[in-house]
Amino acid sequence: MSFKTSSLVPGDVDNLRRRSVAESTETCCDPEHHQRLPRLQLHPERLCLGPQHPDLGPVATPSPDASAQHFCHFTPKCLLAVHRGAHCTSPTRHGEEGWHDGTSRTTIRVENEVEAHREANNYKFGFRKWKGNVTEKPIEDRSDIDKELHTDLSIVKHQEASVISFGNIAYVFLFGWWISLFYILICPVMFLTICGASYGKVCFKLAWYFIWPFGNSIEKASSVARRSTVMPTNCEIIPQEPNAEDCEPLLVSSPLPAEIRAPALHPKKPSKHWGRVSTYIWLFLGYPILAVVHSLACFLSWLLVFTIPVAKMNGRVLTTVLLMAPEDVLIHKLDKAVVCETRVILCCYQAFNMYYYKYTVQGINIFALNLLPLVFMTLIIGYTDREHKYFSAETMFTIAITSIIPLSYYIGMGIASLSAQSNFAVGAVVNATFGSIAEMTFYITALLRGHRAASKCYEEIVKSALTGTLLGCILFIPGICMTVGGIKHSEQRFNSRSAGVSSALLFISIGGVFAPTLFSKIFGNLVCESCSYVPGNATTPFICKDCHYYTQSQADPYLILSNIEPLVYTISVLLPASYLIGLIFTLKTHSHIYDIQVSDGHGGHVHAGHHVMHWSRWRALAVLIVATVLMTCCADLCTENIEPILTHSSISQYFIGVTVLAMVPELPEIVNGIEFALQNNISLSLEVGSCIAVQVCMIQIPLLILFNAFYDVGFVLVFSDIHLWASIFSVILVNYIFMDGKCDYFQGTALVVVYLIILALYYFAPSPRSC
């Protein structure tokens with residue numbers, strides 16, 4: 001197939017640009033769009049091609065203006081995702097006018113090479129998906145919302161919105177009145193000291209400031225004097241006659257070098273503040289009390305997350321304003337007509353910001369950071385109050401299971417950081433080991449405690465948790481992601497071939513894990529209890545209740561030793577082998593299924609450059625090791641304090657296992673999946689659940705079998721009927737949903753409703769016989 005070079009005049013270029021932008025708003029760039037186009041229609045005026053392929057003839061090179069609107073790379077096998085949603089078409093090899101089915105290229109835009117590696121790992125089979133950045137993003141490249149979140153409250157800027165808002169009014173009732181009250185109480189104390197009267201005046205001014213700090217600023221007197229002699233450099237030039245057609249700008253750049261001398265600044269004189277008696281009276285009488293007040297306000301507002309601006313304001317006052325000379329503290333109301341951004345000591349416009357759930361410190365999400373003290377509190381209380389004098393077992397179990405949430409987050413971030421800075425082999429090993437460490441620690445500690453207590457109830461809890469993880473990853477995670485993403489985007493599309501690979505692996509996993517259970521149903525002993533039979537009376541019906549297939553060693557040791565155990569060991573070898581085959585298939589021989597194009601934000605290829613890592617390799621490894629140790633301790637406390645809940649709770653033990661113990665460690669993964677769905681990347685949202693489910697079946701369960709082989713804790717891979725049929729039904733349902741390569745909120749709601757129905761089934765189910 002040959003192509004002719006088309007010549008475009010400037011007017012045609014403008015028309016092409018406008019037409020492309022208009023079409024981009026009507027079409028959706030998705031990986032499966034080619035399934036709806038039976039034949040490729042080529043229009044010379046709309047053709048957008050990248051680098052020339054050797055099998056093709058000469059092609060037209062788009063102009064720089066046109067390339068600004070279209071970003072694409074040539075690929076001979078797929079419809080390419082392009083910038084701003086426009087479609088760029090590329091011809092296939094051998095002159096075929098059609099799309100190659102099942103392959104699509106996803107364009108990833110990142111800031112540096114490490115982020116490119118992290119994003120590429122998200123699309124690799126067997127790698128945990130991670131949404132957050134592992135490198136520090138330059139402040140100038142961040143969004144306006146992100147810049148506002150990380151402001152230090154020292155910039156005076158033009159504010160169009162009113163400072164009277166619900167959040168600011170709530171600040172007065174939550175913080176403002178009692179902070180101001182302490183200043184009013186300290187004010188007369190400082191006046192009574194005579195020498196500290198100047199600090200009493202400052203306290204009086206700050207008392208009025210903290211009642212309503214919004215729209216007011218705190219400045220240093222010397223800074224105001226210096227700023228009045230120097231023209232600000234960040235001012236807007238506003239034309240005087242905007243309606244005149246021939247008006248020219250008042251300030252234009254001159255081609256001739258012009259030297260403008262700035263006024264000479266007076267040398268800064270050393271402050272005599274620290275040599276006064278009044279300063280030490282203030283530090284002895286006033287500052288300690290206010291330090292406690294501001295520390296408490298800072299702590300409370302930081303825990304509330306959305307009021308972090310209040311924490312920043314109190315921290316700035318504590319560390320800067322209260323240590324300044326009293327004559328240097330100037331408080332005045334800001335002018336709404338200001339057009340210049342100037343720097344002051346403190347300037348706050350709002351006390352509440354709903355976007356602070358995105359706030360990070362060294363790459364760590366604010367919620368994970370705030371929950372970290374809970375981990376250490378749990379360990380201290382759990383190992384010092386074993387007699388439950390101060391805290392009940394139920395309370396200890398609750399805080400211990402909650403402590404697993406931040407530890408799972410730190411393990412996930414450590415895996416992402418280490419994998420992004422390492423090669424594929426190291427990343428695969430790290431994901432396969434540490435990726436399952438959170439669940440494995442709980443399972444092993446529970447089995448050990450059940451073995452020491454000679455109770456099979458803990459084994460049933462482990463099996464319920466395994467099944468609950470499978471059900472949550474197969475039904476709930478894809479369902480909630482489809483629902484949330486479908487509400488924002490009416491219809492989302494994903495790569496059906498990659499989803500098909502995950503579905504096939506799920507079938508293999510479920511079939512392998514529940515094969516011993518099906519075997520026991522066929523060849524096990526049917527045991528019935530509570531039979532009613534009157535000897536010698538043939539007319540009385542023989543009725544038995546609670547009949548089940550019993551395969552434990554006490555009932556039929558021959559079946560266990562000679563048939564089921566060899567089958568379990570065989571499956572524990574075949575499942576990891578299937579996992580390895582899946583790795584080779586998706587990452588080596590058929591890697592085009594995940595056709596990823598990594599580029600920078602301007603349409604070019606990513607080059608290695610300067611970037612600041614949140615966590616280095618050694619720091620990430622240290623975090624993984626420490627988090628794993630803490631996870632083991634928290635899991636031990638969970639299993640130690642769960643016994644009263646299992647024995648005295650009216651809720652079925654099945655329900656506790658499939659909900660709390662299964663889904664709490666996966667909360668960070670659920671959040672990642674929802675964030676991917678909100679960004680219209682439903683493919684990664686679906687892979688989040690599939691990846692965890694496959695790892696549970698092909699890595700975690702074989703590891704439990706291996707552990708039981710070396711240290712016999714009585715773990716037999718035979719599940720209850722409710723686990724068997726719930727899992728089989730779920731994997732069939734989700735495979736049906738994944739068939740067409742598109743989803744919406746209705747399909748997501750259907751999966752969530754089915755998941756809730758199964759949970760209701762577990763809630764009303766009787767407790768396991770061993771409990």
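## Cavities and helix packing

Helix 12 contributes the most to the lining of the largest cavity, giving six residues. The model you are looking at is a predicted one, and a search of the whole structure turns up 11 cavities of 30 Å³ or more. The largest cavity holds about 210 Å³ of space. Its lining is made up of 23 residues, and those nearest the centre are Arg128, Ile411, Gly412, Ile415 and Glu669. Two or more lining residues come from each of helix 3 (113-122), helix 12 (393-420), helix 13 (424-434), helix 14 and helix 22 (667-678). Sorted by class, the lining of the largest cavity has nine nonpolar, eight polar and six charged residues.

The second largest cavity has a volume of about 80 Å³. Around this second cavity you will find Ile564, Glu565, Val568, Tyr569, Ile705, Asn708, Phe715, Val716 and Leu717. Helix 18 (557-589) and helix 23 (682-710) are the elements that give two or more residues to this lining, and helix 18 gives the most, with four. By class, the lining of the second largest cavity splits into seven nonpolar residues, one polar and one charged.

Now for the helix pairs. Two packed helices are described by the angle between their axes and the distance between those axes. Here are two pairs from this model:

| Helix pair | Angle between axes | Distance between axes |
|---|---|---|
| Helix 14 (residues 437-452) and helix 15 (residues 457-488) | about 160 degrees | 8 Å |
| Helix 16 (residues 496-513) and helix 24 (residues 721-737) | about 170 degrees | 10 Å |

How do helix 14 and helix 15 run, roughly parallel or roughly antiparallel? With an angle of about 160 degrees, helix 14 is roughly antiparallel to helix 15, because angles over 145 degrees count that way. From helix 14, the residues Tyr443, Ala446, Leu447, Arg449 and Gly450 meet Tyr458, Glu459, Val462, Ala465, Leu466 and Thr469 of helix 15. This contact brings together seven nonpolar, two polar and two charged residues.

Helix 16 packs with helix 24 at about 170 degrees, which makes helix 16 roughly antiparallel to helix 24. On the helix 16 side are Ser503, Leu506, Phe507 and Ile510, and they meet Ser727, Ile728, Val731, Ile732 and Asn735 in helix 24. The residues of this contact are six nonpolar and three polar, with no charged ones.

Is Ile169 buried, partly exposed or exposed? Its relative accessibility is 39%, so Ile169 counts as partly exposed, a class that lies between under 20% for buried and over 50% for exposed. Setting aside neighbours within four places in sequence, Ile169 is in contact with Ile164 and Trp212. Ile169 and Trp212 are 43 residues apart in sequence, with their C-alpha atoms 8.7 Å apart in space.

Finally, a look at the whole protein. There are 25 helices and 17 strands. Of its 771 residues, 48% count as buried. Among contacts in the protein with a separation of 6 or more, 80% are between residues 24 or more positions apart.

Methods. Residues numbered from 1 in each chain as written. Predicted model: local features only at pLDDT ≥ 70, side-chain atom pairs only at ≥ 80, totals over all residues. Heavy atoms only, no water. Axes fitted to C-alpha atoms, helices over the stretch in contact; angles between N-to-C directions. Parallel < 35°, antiparallel > 145°, perpendicular 65-115°, else oblique. Contact = heavy atoms within 4.5 Å. Nonpolar A, V, L, I, M, F, W, Y, C, P; charged D, E, K, R; others polar. 1 Å grid on protein atoms, 1.4 Å probe; cavity = no way out; pocket = protein on both sides within 12 Å on 5 of 7 lines; lining within 4 Å. Points joined across faces, edges and corners; volume = space filled by probe spheres on them. Buried < 20%, exposed > 50% of the residue type's maximum accessible area, 1.4 Å probe, protein only.
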